[in-house]
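This briefing goes through one protein chain by topic. Keep the sequence and the structure in view while reading.

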Amino acid sequence: MPEEAVVAFGNMPNDMDMLQLSTWGVAVENAHHAVLAAADEVTASNDDDGVALVMERLLAE
């Protein structure tokens, strides 16, 4: 992913604009159905460290 990329994480409908305006929108597995549909990627739930899993992967690239 280019260093100019903006990654956003969300789980509720109030996160929709942020996910859509970002370069890469990530929803956690237990997110609202609309957020899951709008995201570029779905990660593990917030209880299972989904955000950390994506961040670790991106920082390793």
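The buried residues of helix 3 are covered by elements that include strand 1, strand 2 and strand 3. The model is predicted, and the mean pLDDT of the chain is 93.

**Helix 3**
- Helix 3 spans residues 50-60, and its buried residues are Gly50, Val54 and Leu58.
- Seen down the helix axis, these buried residues fall within an arc of 60°, so they line one face of helix 3.
- An α-helix has 3.6 residues a turn, so residues three or four places apart point the same way.
- On the other side of helix 3, the residues Glu56, Leu59 and Ala60 are exposed.

- Strand 1 (residues 7-10) pairs with strand 2 in the parallel sense, over four bridges.
- Between these two strands the chain passes through helix 1 (residues 16-21), and this β-α-β crossover from strand 1 to strand 2 is right-handed.
- Strand 2 also pairs in the parallel sense with strand 3 (residues 41-43), over three bridges.
- The chain goes from strand 2 through helix 2 (residues 33-38) to strand 3, and this β-α-β crossover is right-handed.
- Valine 26 in strand 2 is the bridge partner of phenylalanine 9, and valine 26 has glutamate 41 as its bridge partner in strand 3.
- Glycine 10 stands opposite alanine 27 of strand 2.

- Strand 2 covers residues 24-28, and four of its five residues are buried, so strand 2 is largely enclosed by the rest of the structure.

**Nonpolar core**
- The largest nonpolar core consists of eight residues: Ala8, Met16, Leu19, Ala27, Val28, Ala31, Val35 and Ala39.
- At least two residues of this core come from helix 1, and at least two come from strand 2.
- In soluble globular proteins, nonpolar side chains tend to be buried together.
- Valine 28, a member of this core, touches residues beyond four places away in sequence, among them Gly10, Leu36, Val42, Thr43 and Val51.

**Glutamate 41**
- Glutamate 41 is part of strand 3.
- Is glutamate 41 buried or exposed? Its relative accessibility is 15%, and buried means under 20%, so glutamate 41 counts as buried.
- Leaving aside neighbours within four places in sequence, glutamate 41 is in contact with Trp24, Gly25, Val26, Ala27, Val54 and Arg57.
- Glutamate 41 and alanine 27 are 14 residues apart along the chain, and their C-alpha atoms are separated by 6.4 Å.

**Confidence in the model**
- In this chain, 95% of the residues reach a pLDDT of 70 or more.
- Where pLDDT is low, the predicted coordinates should not be read in detail.

Conventions: Residues numbered from 1 in each chain as written. Predicted model: local features only at pLDDT ≥ 70, side-chain atom pairs only at ≥ 80, totals over all residues. Heavy atoms only, no water. Buried < 20%, exposed > 50% of the residue type's maximum accessible area, 1.4 Å probe, protein only. Pairing = 2+ DSSP bridges. Right-handed = clockwise from strand over helix to strand, strands pointing away. Core = buried A, V, L, I, M, F, W, Y, C linked by side-chain atoms within 4.5 Å. Contact = heavy atoms within 4.5 Å. pLDDT = per-residue confidence, 0-100. Arc of directions from axis to C-beta.
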